[in-house]
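Please examine the sequence and the model shown here before reading on.

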Amino acid sequence: MTDSMTELTILQPDDWHIHLRDDSALATTVPHAASSFNRVICMPNLVPPVKNVDDARAYRARIMEHLQASDLAAERQAAFDPRMTLYLTDRTTVQDIEMAAQSGIVQAVKLYPAGATTNSADGVTDINACVDVFEALERHNLPLLLHGEVTQNHVDIFDREKRFLDEVLAQIIIKFPTLKIVMEHITTSDAADFVLAQGNHIAATITPQHLMFNRNHLLVGGIKPHFYCLPILKRESHQKVLLDVATSGNPKFFLGTDSAPHATDKKEAACGCAGCYSAATALPLYATAFDSVGKIDKLEGFASRFGAQFYGLPVNESTITLIKTPMQVPAGYPYFDGSSLTPLMAGETLPWSIKA
Ligand code: DOR
Ligand code: ZN
C-alpha cells in the first residue's frame, strides 16, 4: 500500500444500518443499496413500524419485489440479502423476541427512545420496562441496536449522545453483561471511548457524513439542510476521533451508512427532516474519507469484514474495485410521486469511484 495507490479491490461490503423506507420509495433505494452492498440491515422505522416477525417477513418480500423489478445486473440481484430488524416498543414481548431469534430473517432489534428521531413516536418510553425483553435478547444472542440519544426537552441537542452513554447505556451493560450491543451512527469521541472500553460484544457503526463533516459544514455560511441528520454533526474534534477509530483497524467499528432518504422538498423546508442520503455513493464517500488520512488500506476491514465478524456471519466471497478516478455525485435522483432525492454532497466531485 502506497500513497500513490489508485486502485483498490476489496471483499464486497455490507451496510449494517440503512433506511430503505417502503412501497414506491423502494424502487429508488433498493437498486442503489444493492449496487454496492450484499447484506444490508434494514431499519424498522416505517409507518407503522416493523414490530414482529410477520411484519419483517412482509417487508422483506416488498423489498425483494422491487429488487426483481429493477434493472440491476442479475448477479447483483442474486447477491443482495436484506436482513431485518424489529422495532422495540413498550409492548414488545419476550415471545416476539423468541420468534425473531428462530425466524432466520431477523438479525437484530432496534431501540429508538420515543421521540429521538424520524418515526420514533412508537419507540420505548421507559427502558426499565424492557428488562424481560433485554434478557431474552441476551439469551438468544440477538443484538440490540441503539439510537443512543436521550430525548428530554431540556437536554441540549449536542449533549444527547453523551448523556445517553452516561445515563442509559452504562446501566444496560451492568444489568446485561453479555448482551450484544451496537451503538449506531456514533458522533462523539465520548461514544468512541465508551465502545473502546468495553468487551468485543459492544461495537459501533459510523456514517460517511460523521467522518467527513462537522457542525460548521451544517451551520456556517447558511443552514445546509442536506447535512442535517440525527444524531446531529458535532464539532471538528469529534469528527477527527471518529476518523481515527474508523481507520484504526479496530473491529469494533464498522460500516453503517444510516442512508436515510427524505424527498428534497421535505429537507429544504422550514422544519426540515433529519437524514443524509448516501446509498448509491457510500463507497466512494468512505474511500475519500479513509484516503484523506492515508488509510485507504484500512477500508476493507471496516467495510467488508468487521460487521460480518460481529454478527457471526461469513465475509462475502465476491469483490468490488474502487478506482481513483473522479466521479460527480448526481445533483438528485428521481424519487416516488414525482419528487426528488438529494444525496449527500450532491453535485460535488469525489476522487474515488466504483470501477465498472
Ligand atoms: O438522521 C436520521 N434519519 N437519523 C435517524 O436516526 C433516522 C433517520 C431517518 O429515518 O430518517
Ligand atoms: Zn438510522
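Histidine 17 is buried, its relative accessible area being 0%, where buried means under 20% and exposed over 50% (1.4 Å probe, protein chains only). This is a predicted model, in which local features need pLDDT of at least 70 and side-chain atom pairs count only at pLDDT 80 or more, while totals for chains, interfaces and linings use all residues. Residues are numbered from 1 along each chain as its sequence is written, and side-chain values use heavy atoms, with hydrogens and water left out.

**Zinc site**
- The zinc ion (ligand 2) has His17 (NE2), His19 (NE2) and Asp258 (OD) as protein donors, 2.0 to 2.1 Å away; donors are N, O and S atoms within 2.8 Å of the metal (3.2 Å for Na, K and Ca), and sites may look incomplete because water is not among the atoms.
- Histidine 17 in strand S2 (residues 15-18) and aspartate 258 in the loop between S9 and helix H11 (264-267) are 241 residues apart; helices (H or I, at least four residues) and strands (E, at least two) are DSSP runs, numbered from the N terminus.
- Aspartate 258 is also buried, at 7% relative accessible area.

**Helix H10**
- In helix H10 (residues 236-246), the buried residues are His238, Gln239, Leu242, Leu243, Val245 and Ala246.
- These residues lie on the same side of H10 because they cover an arc of only 165° around the axis, taken from the directions from the helix axis to the C-beta atoms.
- Lys240 and Asp244 are exposed on the other side of H10.

**Contacts of leucine 211**
- Beyond its neighbours within four places in sequence, leucine 211 has contacts that include Gln239, Leu242, Leu243 and Ala246, contact meaning heavy atoms within 4.5 Å.

Technical notes. Chains are lettered from A and ligands numbered from 1 in the order in which they are written.
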